[in-house]
Structure formats: C-alpha cells, structure tokens
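Please look at the sequence and the structure shown here before reading the notes on how the parts are arranged.

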Amino acid sequence: MDYLQEIDVAAPGFCEFYDELPLWSAPFGLLLLDRVPMKPGLTFLDVGAGTGFLSIELAERCGAFSRVIAVDPWKPAVERLRRKVRQRQLQNIVVLEQKAEDIDIPEASVDVIVSNLGINNFEDPVLVLQTCRRVAKPGAHLLLTTNLVGHMVEFYESFRSVLIEEGHLDRVDTLEAHVNHRATIASVTKLLKGAGFGVVEVATDSFRLRFADGSSLLRHYFIRLGFLPGWKSVAGSLPTGMFEALERKLNHVASERGELALTIPMACFVARKE
Ligand SMILES: C[S@@+](CC[C@H](N)C(=O)[O-])C[C@H]1O[C@@H](n2cnc3c(N)ncnc32)[C@H](O)[C@@H]1O
C-alpha cells in the first residue's frame, strides 16, 4: 500500500513545492477544477501549464490510469514543473517545452483540454484553439478561464481621473483600449465557436485584491510582474510625475474608503468539440 507511507515534511524539496501555485492563479483554477470531468482513464492537455499546479492536480485527482500532457514554451516554468513531477513521483504527466500550436501529438487523442489563464496570454489564440480542435477527440471537453473586462475597475477609474486632471487627454483613448482589450463572455464564446467548440456553460465569479493604499499596490511584486508593464504602456512617454500623481490619487481613494479593493471578474468557459 504505497499511499500508507506518510509524507515527510522535513524531506528535501518538500517546502520548495508546498506553496506550489501563484495565488493569482488559484481562484481561476478552483473555478475550473469544480467543473472539469473527473474520471479515471482520461487524457488531458493543459495548454499554457506554467509551473503546472493544474496538471499535477488533474494527474493526482484522476489517478494513474489518466494521463496529462502539459505544454508551455516557458523554459524555467517547465523545468520547475518537471522537478515537482519527480518530487511527487508522478508517472502520468508528460511535460512539453514548446508552444501549444507546435504540439506534435496524434489527432483526436485528447479527452479534455484545460487552460487556466492561458487564452489572454497567447500571441495567436486562434491558432492555439485550432490546434486544440485537431488533437481533441470527437465531443472532447475544453475548459478555459480568464479574467474579464471590468478587471480592476476601481484602479482604472483613478487612472482615468489622473490622466484628465493632469491634462493628458490624448492618453485616455489608449487607456480605454487597454481596459477593453480584456476578454468578454461574448468575445471568448465567438473565439471558441470559430475554432469549432460550442460553449455549454459559462461560470462567472469575482474576487477582490485588497491593499492598504496605492503605494503598497504599486510596489506589490505580482502587480509589478503582471500588470505594471501594461499600465506603463498606457502612460507612454509621460513623465514619472504621472505615476506619482496616480499614487497620490490611489492613496487618497484608499484613505476615503479605508482600503483599496480591486475587483477581479473571472469566467470559466466549458465547451465541447462540435
Ligand atoms: C498567466 S500564465 C498561466 C500559467 C498557469 N496555467 C497558471 O494558471 O498558473 C500563462 C502561460 O501561458 C504560457 N504561454 C504563452 N504562450 C503560449 C503558447 N503559445 N502555447 C502554450 N503556452 C503559452 C506562458 O508561458 C504562461 O506560462
């Protein structure tokens, strides 16, 4: 009985992987895991697996007779996922370091395709979805999550006010384009339909990212990683004074509201190959 052997929390590597997924990815992943088909013997493809928490979760929850193919071109993430797979001694995960559109697996060989926060990161989502259709079995499921337009609406209200107050009216259209580049239920449904997947369910939810004030928001590690580059592109060549004004505005809003809470609307699309 292999499972009767207890997990050794003092073992090398245990703590390296104990906190093994980004907090940002977790609420989206939960939405997906609540809906994904769960039975032994399925073949999954995790598109844009990143460091792979979803691949591991599926491989373990669906058991040794299931198989998970994780694909991502991000080398260090793929290497970390391979280390996690070794540490857990999982035999049913294959990790591929490549773009999903270049994947070389047989046609009609996958039962379930998942992608947590992938679609908003792919350079060519249409090509990725066409590849998904090619490798999906007839009637295969595809589940993907994304954040939606409305993302951080409270932040963008302040950003817009600052651009107007500081006289940078020419940047307001750039800001609107940035806000509206995010997915909507209609845009993703259309994308999926165009690739030959019919949407059978759209589950929506939201959570809040809360900060004490604007200064802490703008210095938060994941904010700087995931969102600051987009905000800088809206600001364009504007002086750093614009970000100083934004920080002051956000701090003012936080002092009035008692905190700075940003809403993150999210959706999980459940589709089937038509
Ligand atoms: C926001 S991360 C999500 C990672 C992971 N699914 C999670 O939820 O933590 C998006 C991932 O998509 C990957 N990606 C970008 N372009 C891709 C492509 N063409 N094919 C496969 N993965 C891609 C990135 O390398 C990155 O790991």
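This is a predicted model: local features need pLDDT of at least 70, side-chain atom pairs count only at pLDDT 80 or more; totals for chains, interfaces and linings use all residues.

Residues are numbered from 1 along each chain as its sequence is written.

**Domains**

- The protein is divided into domain 1 (1–147) and domain 2 (149–181 + 204–265), with bounds that come from an automatic or database domain assignment.
- The centres of domain 1 and domain 2, taken over C-alpha atoms, are separated by 32 Å.
- Four residues from domain 1 and seven residues from domain 2 take part in the contact, where two residues are in contact if their C-beta atoms, placed from the backbone, lie within 7 Å.
- On the side of domain 1 that touches domain 2, the residues divide into three nonpolar, one polar and no charged; here Ala, Val, Leu, Ile, Met, Phe, Trp, Tyr, Cys and Pro count as nonpolar, Asp, Glu, Lys and Arg as charged, and the others, Gly among them, as polar.

**Ligand surroundings**

- The ligand is surrounded by 21 residues, of which the closest are Ser 25, Gly 48, Gly 50, Trp 74 and Ala 100 (a residue is near a molecule or strand if its C-beta atom, placed from the backbone, lies within 6 Å of it).
- The shell around the ligand has 12 nonpolar, six polar and three charged residues.

**Helix α6 with helix α12**

- Helices (H or I, at least four residues) and strands (E, at least two) are DSSP runs, numbered from the N terminus.
- The axes of helix α6 (residues 153–165) and helix α12 (residues 240–257) come within 9 Å and cross at roughly 130 degrees, where axes are lines fitted to C-alpha atoms, for helices over the stretch in contact, and angles run from 0 to 180 degrees between N-to-C directions.
- Ser 158, Phe 159, Ser 161 and Val 162 of α6 make the contact with Met 242, Ala 245, Leu 246, Lys 249, Leu 250 and Val 253 of α12.
- The residues of this contact of α6 with α12 comprise seven nonpolar, two polar and one charged.

**Helix α6 with helix α7**

- The axes of α6 and helix α7 (residues 172–180) come within 10 Å and cross at roughly 165 degrees, and therefore α6 and α7 are roughly antiparallel to each other.
- In α6, Tyr 156, Phe 159, Arg 160, Leu 163 and Ile 164 meet Val 172, Leu 175 and Val 179 in α7.
- The contact of α6 with α7 divides into seven nonpolar, no polar and one charged residues.

**Helix α5 with helix α8**

- The axes of helix α5 (residues 125–135) and helix α8 (residues 185–194) come within 9 Å and cross at roughly 50 degrees, which makes α5 oblique to α8.
- Pro 125, Val 126 and Leu 129 of α5 make the contact with Leu 191, Leu 192 and Gly 194 of α8.

Technical notes: Angles under 35 degrees count as roughly parallel, over 145 as roughly antiparallel, 65 to 115 as roughly perpendicular and the rest as oblique.
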